Structures are given as structure tokens and as C-alpha cells.
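Dear colleague,

Please find below the structure that I am handing over to you. My findings follow it.

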Amino acid sequence: MGSWEDKYDYLFKIVLLGDSYVGKTNLVSRFTRNEFNLRSKATIGVEFSTRSVKVNDRTIKVQIWDTAGQERFRAITSAYYRGALGALLVYDIAKRMSFELINRWLEKLRCIADENVVIMLVGNKSDLTHLRSVSTDEAKIFAELKGLSFIETSALDSTNVEAAFQNLITEIYRLVPQGETLDLPEHDMIRLENTNTTIMAPITDPIDIKPTVRGDVRKQCC
């Protein structure tokens, strides 16, 4: 008999974006497998992971797409913003430039993703207090101005990693019409359970699930 994680009521797609080496991959690893790799390399293309969580006695299977931060992969990775119900916008609290470029990532996301995508600003590597170059207050003000939720995390010591994902998932769930079950035909499923799989090119409309509360109208990019 399968575990509760084998059956689910909802399937949510979440993307992580931000500059290289801000710790996106280790955030995913910590959340999905409770692992951390000090020698983690820059993501090439897109990496895919899954985890199932419980929210209000409902099982939610989360597809997590970890996108590369390098400029040369932008055309590939931005295609994966489509269909995302949530996004973690990640910067490194010890690297000022990674925070200053957050607005560029945000504009790209809002240009391509659904207009109602739930976005959380994440200041990662909060353990590097002695190297901090972005204050918590400054990040909070930015998040408030842009209409984002905000949290600081450390993938190294696990601080707030679970909370970041759980809060984002719960907020998405809150917007889903209650009583509606997202049911996918078997042939539409991607069977890459509990693994990191590097994908070098976009697939067509990857698991483009949208609750009826979310519109299909996207902003035109300039």
C-alpha cells in the first residue's frame, strides 16, 4: 500500500529564481531531502524536485523548479516561470549585488508568469551575520513596496527553510477554490520522484495547472 505522499489533492508548481550562488539549490535540497552540500555547483539549466506536504488535512504535491542564475541560461529558464503558482525570489544577505538585481528578476517573473503568482522574497545565508551587507529592515521595506512576503533563511543550519516553503504553499492553497480537486490524467504526469533532474531545454507547457481563481491573461513583455 502506498504512503500518503503517493496520493494528493493538489499539484502546485513553484519556481526559485535569483542570481548564481545565492543558495537556491541548497534551499531545495534542505526542504526536499534535508541535505546540504558545501560544494554545491551552479545550476545548469533547470533542476526539478518534488515533495508532498499537508495543509489543512489536504495533501499537496509540490513541483519545485530550481532555475539557473547565469545570464546564458535566461532564455531557457524563463520558460519555466509559466504555470507557476508560487515563486521564491532568492538573494544572498552577504552579497549586495544579488539583492540589487532582485528587481530585475521580479520584473521578468511578473512579465511571464501568471499575474496572480504568489511571490516570497528570501534572504538566504542568514548564518553569515558577520558578512551581512543587506539589512533585514531594508529587505522588508523592499518587499512591502513590491507586495511580496519576506523571510530570511539559512540552508546551512536549516533556519526558516521549512517555514519559507510551507508559508508559500499555504498562501497558494488559500487562493484555491475550496472543494476543488486538481486531478491529472496519468499520461500528463512527470514521473521523476524525489530526484534532482537537470533539464537543458523547455518542455511544452510543463504541468500548467491553474486553479480557476487565476486568470490566463499575462502582461506583455517589452
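The notes below go from the whole chain to two local regions.

This is a predicted model, in which local features need pLDDT of at least 70 and side-chain atom pairs count only at pLDDT 80 or more, while totals for chains, interfaces and linings use all residues. Residues are numbered from 1 along each chain as its sequence is written, and side-chain values use heavy atoms, with hydrogens and water left out.

The protein chain contains 6 helices and 7 strands, taken as DSSP runs numbered from the N terminus (helices H or I, at least four residues; strands E, at least two). Their order along the sequence is β-α-β-β-α-β-α-α-β-α-β-α-β. Of the 222 residues, 48% are buried, meaning under 20% relative accessible area (1.4 Å probe, protein chains only). Among contacts (heavy atoms within 4.5 Å) with a separation of 6 or more, 78% join residues 24 or more positions apart.

Helix 1 (residues 24–33) is mostly covered, with 9 of its 10 residues buried. Leu27, Val28 and Phe31 are among the buried ones. Their cover includes strand 1 (10–17), strand 2 (46–55), strand 3 (58–67), strand 4 (86–92), strand 5 and helix 6 (161–175). Asn34, which follows helix 1, has a positive phi near 55°.

Strand 5 (residues 118–124) pairs in the parallel sense with strand 6 (residues 149–152) over 4 bridges; pairing requires at least two DSSP bridges. Within this pair, Val122 stands opposite Ile151.

Yours sincerely

Key. Buried means under 20% relative accessible area, exposed over 50%, partly exposed in between (1.4 Å probe, protein chains only).
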